[in-house]
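Got a structure open and wondering where all those labels come from? Let's go through it question by question.

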Amino acid sequence: MEKKKLRKLPSRFIMQNEEKQSLRHRIVQARRAMTAAEWERIDAGILQQLVQDAAFQRSHVVFVFCSIAGEVSTKAILDYCWQSGKIVCIPRCGPNHTMEAHQILTHTDCVPGKFNIPEPAAHCPAIAPEALDLVLVPCLAADKQGNRIGYGGGYYDRYLQTCAGMTAALCPSQFVLQSVPTEPFDYPCQRIITEKGVLVPS
């Protein structure tokens with residue numbers, strides 16, 4: 001049987017991927033060098049900017065990523081959502097780089113999941129992506145056009161395409177760049193929320 005030839009990617013896509021990987025590595029190192037005090041200031045500022053944003057205030061069902069070290073903390077965001085009477089969902093990673101949203105009622109509904117990232121416990125009900133009013137997305141860096149760089153798994157790029165609500169990346173202002181390298185499958189966000197303000201791509 002004749003072997004199928006692998007499709008060769010255009011050279012510009014290979015270069016973009018290499019550039020993205022290099023940028024990803026530099027930003028991870030820069031984030032690790034940040035102090036606890038710096039992160040506390042950024043976390044508090046992003047929470048303040050988020051809760052003042054009209055999209056957040058209008059939302060009833062909010063998807064929140066579970067933060068890990070080196071990311072904007074979402075613990076206080078989760079608490080604020082519950083206190084405001086919002087339905088809160090967090091992601092569960094599945095096979096083939098897929099994700100599902102599941103409702104949680106307290107922090108104790110979270111258990112260690114894939115990559116040791118907290119995920120919803122087995123009893124937490126699934127919420128359809130079209131039911132989400134606001135999706136908060138992690139990123140290592142972003143640009144003013146709404147493009148973001150994550151960890152390279154493609155989970156959010158796939159999932160965001162199924163969501164009907166507003167999408168917003170949480171990003172320290174120092175990691176909002178003029179532009180970030182993109183690939184055809186990247187899915188931009190409709191807002192970039194930093195500790196200094198909310199950027200709405202034109």
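Q: What is the average confidence for this protein, and what is that number about?
A: The protein averages a pLDDT of 89, and 92% of the residues score at least 70. pLDDT is the predictor's confidence in each residue, from 0 to 100. You're looking at a predicted model, where local features need pLDDT of at least 70, side-chain atom pairs count only at pLDDT 80 or more, and totals for chains, interfaces and linings use all residues. Residues are numbered from 1 along each chain as its sequence is written, and side-chain values use heavy atoms, with hydrogens and water left out.

Q: Where is confidence lowest, and where is it highest?
A: Helix H1 (residues 11-32) has the lowest mean, 76, while strand S1 (residues 61-63) has the highest, at 98. Those labels are DSSP runs numbered from the N terminus: helices (H or I) have at least four residues, strands (E) at least two. Over residues 1-15, pLDDT stays under 50, and the model has 3 contacts there beyond four places in sequence. Contact means heavy atoms within 4.5 Å.

Q: Why is Gln-49 called buried?
A: Buried means under 20% relative accessible area, exposed means over 50%, and partly exposed is in between (1.4 Å probe, protein chains only). Gln-49 has 18% relative accessibility, so it counts as buried. You'll find Gln-49 in helix H2 (residues 36-52). Leaving aside neighbours within four places in sequence, Gln-49 is in contact with Ile-193, Thr-194, Glu-195, Lys-196, Gly-197 and Val-198.

Q: What makes Ile-27 count as buried?
A: Ile-27 comes out at 6% relative accessibility, so the buried label applies. This residue lies in helix H1. Apart from neighbours within four places in sequence, Ile-27 is in contact with Leu-140, Ala-141 and Phe-175. Take Ala-141: 114 residues separate it from Ile-27 in sequence, yet C-alpha to C-alpha they are 7.4 Å apart in space.

Q: How do you know that the buried residues of H4 line one face of the helix?
A: In helix H4 (residues 75-83), the residues Ile-77, Leu-78 and Cys-81 are buried. Looking down the axis of H4, its buried residues fall within an arc of 100 degrees, so they line one face. That arc is taken from the directions from the helix axis to the C-beta atoms. On the face turned away from the buried side sit the exposed residues Lys-75 and Gln-83. The cover over the buried residues of H4 includes H2, helix H3 (54-58) and S1.

Q: Which residues touch the most other members of the largest nonpolar core?
A: They are Phe-63, Ile-77, Leu-132, Leu-134, Leu-136 and Leu-170, out of 57 residues in that core. H2 gives the most to this core, with 6 residues. A nonpolar core is a set of buried Ala, Val, Leu, Ile, Met, Phe, Trp, Tyr and Cys residues joined through side-chain atoms within 4.5 Å. In soluble globular proteins, nonpolar side chains tend to be buried together.

Q: Why is one side of S9 and of S11 left without a neighbour in the sheet?
A: The open sheet has 3 strands in the order S9-S8-S11, with mixed pairing. Strand S9 (148-149) and strand S11 (176-177) are at the edges with a single partner strand each, so one side of each has no neighbour in the sheet. Two strands pair if DSSP finds at least two bridges between them. Strand S8 (residues 141-143) and S11 run parallel and are joined by 2 bridges, so they pass that test.

Q: What makes Lys-20 and Asp-186 a salt bridge?
A: The rule asks for a side-chain nitrogen of Lys or Arg within 4 Å of a carboxyl oxygen of Asp or Glu. Lys-20 and Asp-186 meet at 2.7 Å, N to O, so they qualify. Lys-20 lies in helix H1 and Asp-186 in the loop between S11 and strand S12 (191-193), so the pair ties together parts 166 residues apart in sequence. Both Lys-20 and Asp-186 are buried.

Q: How many salt bridges are found in the whole structure?
A: The search finds 4. Among them is Asp-157 with Arg-148, whose closest N and O atoms are 3.9 Å apart. Asp-157 has a relative accessible area of 10%, so it is buried, and Arg-148, at 11%, is buried too.
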